Amino acid sequence: MASGLDPRTPVLVGSAALTQRSADPTTAEDAVTLMARALRAAADDAGGPDPQRLISRAELIMAPQASWKCADPGRMVAEQLAISPRTLCAELGVLQQALFTRACTAIADGRASVVLIGGGEARSRAATAAKSGVTIAAEPESSGPADVVLSPDQQVVSKIEIERKLYVPARQYAIMDTAIRGAAGQSIADHAKEVAGLWDAFADVARTRPEAWKREATPLGDGQASAANPWYAWPYTKQHCSYWTVDQAAGFILCSVEAAEAAGVSRDHWVFPVATAESNAMIMLSERVQPDRSPAIAAAGRAVRDLTGIAPAEADHLDIYSCFPAAVRVQGAELGLPKDRPWTQTGGMSFAGGPLNNYVLQSTARMAQVLREDPGSTGLVTSISGMITKQGMGLWSTTPPAGGFRAADVTGEARADTATAIVDGDYRGPARVVGYTVGFDGANPKVGIVIGRAIGAAGGSEVPVHTVATTDDPQLMAQLMADEWVGRQVQIDGPTFTA
């Protein structure tokens with residue numbers, strides 16, 4: 001090889017992330033068309049004498065399932081690209097990092113030479129049409145499933161969490177953030193300011209990115225609600241939450257070094273996957289003894305360090321999965337990330353946009369640009385599925401990995417390291433609050449939710465007993481938001497609780 005590298009070394013040669021802004025939903029492109037356009041842009045990004053050649057040579061196209069729930073989105077995109085590769089669909093609940101890991105492994109193992117990855121959403125198009133009362137064509141549907149379907153082992157929320165109104169992601173992450181606050185011994189006001197400062201820093205990055213969906217967010221300041229930014233799941237306001245009503249797509253061309261050279265892709269366009277690590281141990285929030293922690297993230301970070309000699313905190317550039325502040329804060333703590341550096345390259349999912357099951361594609365496309373602009377540097381992109389239910393990360397660089405691409409599965413280690421409780425929905429008696437939130441309906445508090453740890457005989461066994469309980473008492477919900485309740489005792493009566 002002219003490069004001197006193993007010809008099977010996987011390399012990212014083309015990437016693109018697109019944002020569509022259209023006031024007219026009748027002329028706006030659907031998600032499939034956006035994905036196809038992103039892949040054509042990725043081919044143009046790769047360059048060479050025939051930029052589209054690599055697309056025509058693709059043996060496999062991978063796509064995450066989106067909110068439009070097409071069974072085989074890759075097939076729909078391939079038809080627009082006039083190609084017929086094998087297809088893979090990653091259902092909701094599968095790590096987005098898994099697409100890159102599988103693509104790189106297939107290339108390194110010689111099972112594919114060119115792999116396409118694409119994902120996208122056109123929820124803004126649909127929302128604008130609904131608001132305007134106009135009819136638009138539905139998203140295309142495939143006639144059958146993909147050739148390969150990646151499915152999660154189970155749902156990312158449990159039956160009791162669904163029954164007791166804890167199925168809303170913002171409520172689960174809000175509970176994690178109160179647990180973080182309680183573990184740190186912070187006051188409610190200091191915690192709110194710290195979280196607001198983190199999110200304001202993300203918004204500042206979004207202001208510099210032309211592709212970011214919201215570039216003019218009002219600073220959160222002290223983190224309190226306002227008429228323009230009401231409470232959503234206390235202590236989160238609407239602006240703390242991932243924003244997924246966007247028209248965005250991303251596309252990637254990964255191939256072997258041999259294929260890249262044959263296509264004439266300039267060496268300065270190559271970005272190498274150095275190492276990846278994933279945990280697929282699905283432990284529900286209500287089962288976690290320490291909802292402020294994620295041993296799986298720590299295990300993935302150690303695996304990347306052991307495979308590469310580079311700890312996550314030592315990567316030159318970071319993009320930390322950012323659906324809600326708790327996700328960022330837990331990852332930062334577990335990986336020991338320095339607080340004096342940016343933790344996002346896009347502005348995060350509240351501001352850059354969080355297309356369902358696709359943000360890691362958007363962030364990886366941006367990271368590829370960053371690394372090309374800083375040759376020889378390293379970039380870490382993290383991934384989360386569900387409620388910090390699955391965890392993954394990928395280290396990238398324009399410098400090829402000395403030992404070749406490597407991937408680690410830390411599922412077993414994560415499961416062993418995560419302390420769990422028995423969840424008893426029928427528990428009645430005293431319990432200590434592990435974490436809590438108040439969910440809002442518009443301007444009004446609707447439901448208070450606690451995860452409680454049983455006290456006394458039921459909670460005195462070697463394995464703790466947890467439960468999920470709710471209240472609709474306005475006075476109690478007001479007290480939950482006024483005072484610290486993590487660690488306080490409540491009385492559980494099956495599905496409800498009282499002070």
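Two residues are in contact here when heavy atoms of theirs lie within 4.5 Å. With that in mind, welcome to a short tour of this predicted model.

**Helices H7 and H11**

- Which residues bring these two helices together? Tyr173, Met176, Asp177 and Ile180 of H7 touch Pro325, Ala326, Ala327, Arg329 and Val330 of H11.
- Sorted by class, that contact holds seven nonpolar residues and two charged ones, with no polar residue.
- Helix H7 covers residues 169–184 and helix H11 covers residues 325–335; their axes lie 8 Å apart, at an angle of about 45°.
- That angle makes H7 oblique to H11, because angles under 35 degrees would count as roughly parallel and those from 65 to 115 as roughly perpendicular.
- The crossing of H7 and H11 is left-handed.

**Helices H1 and H3**

- Helix H1 (residues 31–46) and helix H3 (residues 73–81) cross at roughly 60°, and their axes come within 9 Å.
- H1 and H3 are therefore oblique to each other.
- Is their crossing left-handed or right-handed? The crossing of H1 and H3 is right-handed.
- By class, the contact of H1 with H3 has eight nonpolar, two polar and one charged residues.
- Buried residues of H3 are Pro73, Gly74, Met76, Val77, Ala78 and Leu81.
- What do the buried residues of H3 pack against? Their partners are H1, helix H2 (53–56) and the strands S2, S3 and S4.
- Just after H3 comes Ala82, which has a positive phi of about 60°.

- Three bridges link strand S3 (residues 86–90) with S5 in the parallel sense, and Leu88 stands opposite Val148 in S5.

- Which residues of S11 belong to each side? Thr378, Leu380, Thr382 and Ile384 are on one side, Gly379, Val381, Ser383 and Ser385 are on the other, and all are buried.
- Strand S10 (residues 317–319) pairs with S11 in the parallel sense over three bridges, and Leu318 has Leu380 of S11 as its bridge partner.
- S11 also runs antiparallel to strand S12 (residues 390–397), joined by eight bridges, and Gly379 is bridged to Trp396 in S12.
- Four residues lie between the strands in the hairpin of S11 and S12, where Gly386 takes a positive phi near 70°.

**Backbone spots to look up**

- Trp234 and Pro235 are joined by a cis peptide bond, with omega about 10°; Pro235 lies in the loop between strand S6 (231–234) and strand S7 (236–237).
- Lys69 has a positive phi near 55°, although it is a residue other than glycine, and Lys69 sits in the loop between S2 and H3.
- Is Lys69 buried or exposed? Lys69 is exposed, because its relative accessible area is 56% and exposed means over 50%.
- Asn357, also not a glycine, has a positive phi near 60°, and its place is in the loop between H11 and helix H12 (359–373).
- Asn357 is buried, because its relative accessible area is 10% and buried means under 20%.

Key:
Residues are numbered from 1 along each chain as its sequence is written. This is a predicted model: local features need pLDDT of at least 70, side-chain atom pairs count only at pLDDT 80 or more; totals for chains, interfaces and linings use all residues. Side-chain values use heavy atoms; hydrogens and water are left out. Axes are lines fitted to C-alpha atoms, for helices over the stretch in contact, and angles run from 0 to 180 degrees between N-to-C directions. Angles under 35 degrees count as roughly parallel, over 145 as roughly antiparallel, 65 to 115 as roughly perpendicular and the rest as oblique. A crossing is left-handed if the near helix is turned anticlockwise from the far one by less than a right angle, and right-handed if clockwise. Ala, Val, Leu, Ile, Met, Phe, Trp, Tyr, Cys and Pro count as nonpolar, Asp, Glu, Lys and Arg as charged, and the others, Gly among them, as polar. Buried means under 20% relative accessible area, exposed over 50%, partly exposed in between (1.4 Å probe, protein chains only). Two strands pair if DSSP finds at least two bridges between them.
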